[in-house]
Amino acid sequence: MKKITVVLLVALVVMTAVFAGGASETTPAANAATKVGLVVINDENDLGYTWNFMNGMNAAIDQLKAEGYAVELIVDRGHLEDETVTDANRELAAAGCKVIFNNSYGFEQFMQPVADEFPKVQFVSLTNCGSQLDGRDNTYNAFASIYEGRYVAGVAAGMKLNQMISEGRITADQAVVGYVGAYSFAEVISGMSGYFLGIRSVCPSATMIVQFVGSWGDPTLEAAAADALIAKGAVMISQHSDTTTPATEAAKAGVFHTGYNTDMTSQAPTASLLSCRIDWQPYFYTFIKNVIDGVKNPSDYCGTMANGDVKVTALNAAIAAPGTQAAIDQAIADIKSGKVQVFDVSKFTVNGEHMTSAFAVDTDGDFNADTYEAIWDGVFHESYPEFQSAPYLTAVIDGITWLNAAF
């Protein structure tokens, strides 16, 4: 079994006594540290996906510490989506963790059986959707409407494409965007679609080509995919993959880029405009605090841009098109207010037709069409809180072309 690494120990015992009229008070975690486990697919060195999760967790731990909670964080790194995840969850539970977070989509099926063995431990599968409905009282899901952040990143990309067109560097029909996708299922399709619609909102001639790599985080495969997209004419690269190599390949080729999970401008200052990301700190903080305080957490949670869980990084003003900051500020304000609905079905077609009906998820097992329908009021309601946090859009929007077979 893997060796478990203790990353942070915040005070074994924290106690404050306040004497007033014979009464005393203690901090919320006065007796012992609460152990928190985190199972991750890579490690902080990916400078992307797991790096973003670790930043969120460390910030949440710092916040809890500042409020007087004693917390011990134990991290188990570098897992494939296989039985080693079961071992990791079992070891963390046996080590006394009260809550264990799993940060990759494919971890859930290996996490769930351990929840049966340790019914008093809370198990959370992030970016997934099965635990909220698996009948267990101690399994949870959480994700965020990252497609909103991707839409905003798309606005920045579209502004750059417009600048290139106006300066004569490309023609309108050469506004080709390349997208490095990990896998061809809903999470990736939803994100690329939101990004494309953000681009199209300012650059209507843009098209997108997609290369899948069949891995969440393989720098070599991601670099090769970016190179293949550039060879096919892409002048802007984006990604739903875990490493920074699409950014660095874009820089080498003299094209532009928008990233995911982390600000990639330090790796590719001449190429990367900005990134979108999920800020996991609020969720980690609230979930752990609730466990310590004995408050039940929701079985599924969906963060949004409006509540601060979905963000974009600082714009790389040195290479961004003039007016980009104002454009993305307006897009963020309009998303938060509801003025812009990313998947407004009047704004795109699928096979030449506007969508009028689409299934989402069955939230209660009765296959009732009213709960299954995801389109109403002219909008495809992605990651709708009453359905599930994990995306379920699988339609391929016109203007987006897959270059290779699905994974």
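Analyst: A residue is called buried when its relative accessible area is under 20%. The structure discussed here is a predicted model.

User: What makes both faces of strand 9 count as covered?

Analyst: On one side of strand 9 stand Met-236, Ser-238 and His-240, and on the other Ile-237 and Gln-239; all are buried. Five of the five residues of strand 9 are thus buried, and the strand is mostly covered.

User: How do you know that strand 9 is paired with strand 7 and with strand 10?

Analyst: Pairing requires at least two bridges between the strands. Strand 7 and strand 9 are joined by five bridges and run parallel, with Val-180 opposite Gln-239 of strand 9. Strand 9 and strand 10 are also parallel, with two bridges, and Ile-237 has His-257 of strand 10 as its bridge partner. Both pairs therefore meet the requirement of at least two bridges.

User: Why is the sheet said to have edges, and which strands stand there?

Analyst: The sheet is open and consists of seven strands in the order 13-11-10-9-7-8-16, with mixed pairing. Strand 13 (310-312) and strand 16 (400-402) each have a single partner strand, so one side of each lacks a neighbour in the sheet. On average, neighbouring strands of this sheet are turned by 20 degrees against each other, direction ignored.

User: How do you know that strand 16 is paired with strand 8?

Analyst: Three bridges link strand 8 (residues 207-212) to strand 16 in the parallel sense. One of the residues involved is Met-208, whose bridge partner in strand 16 is Ile-400.

User: What makes helix 6 a helix that packs on the sheet?

Analyst: Helix 6 (residues 219-231) touches strand 7 (176-181), strand 8 and strand 9 (236-240). The direction of helix 6 makes about 160 degrees with that of strand 7.

User: How do you know that the span of helix 4 agrees with its number of residues?

Analyst: Helix 4 (residues 146-166) has 21 residues, which at 1.5 Å a residue should span 30 Å; its end C-alpha atoms are 30 Å apart, so the two values agree. Gly-168, with a positive phi near 80 degrees, follows helix 4.

User: What makes Phe-380 stand out in the largest nonpolar core?

Analyst: This core has 110 residues, and Phe-101, Leu-161 and Phe-380 touch the most other members. Helix 4 supplies the largest share of the core, 11 residues. Leaving out residues up to four places away in sequence, Phe-380 touches Phe-343, Val-345, Met-355, Ala-358, Ala-374, Ile-375, Tyr-392 and Leu-393. A second, separate core has 16 residues, including Val-180, Ile-237, Met-264 and Ala-271.

User: Why is Asn-261 called buried?

Analyst: The relative accessibility of Asn-261 is 2%, so the residue counts as buried. Asn-261 lies in the loop between strand 10 (256-260) and strand 11 (272-278). Beyond its neighbours within four places in sequence, Asn-261 is in contact with Gly-48, Tyr-49, Asn-52, Ser-241, Asp-242, Cys-276 and Arg-277.

User: How many of the residues score at least 70 in pLDDT, and where does pLDDT stay under 50?

Analyst: The chain has an average pLDDT of 90, and 89% of the residues score at least 70. Over residues 1-30 pLDDT stays under 50, although the model has 63 contacts beyond four places in sequence for them.

Note on methods: Residues are numbered from 1 along each chain as its sequence is written. This is a predicted model: local features need pLDDT of at least 70, side-chain atom pairs count only at pLDDT 80 or more; totals for chains, interfaces and linings use all residues. Side-chain values use heavy atoms; hydrogens and water are left out. Helices (H or I, at least four residues) and strands (E, at least two) are DSSP runs, numbered from the N terminus. Axes are lines fitted to C-alpha atoms, for helices over the stretch in contact, and angles run from 0 to 180 degrees between N-to-C directions. Contact means heavy atoms within 4.5 Å. The expected span of a helix is 1.5 Å times one less than its number of residues. pLDDT is the predictor's confidence in each residue, from 0 to 100. Buried means under 20% relative accessible area, exposed over 50%, partly exposed in between (1.4 Å probe, protein chains only). A nonpolar core is a set of buried Ala, Val, Leu, Ile, Met, Phe, Trp, Tyr and Cys residues joined through side-chain atoms within 4.5 Å.
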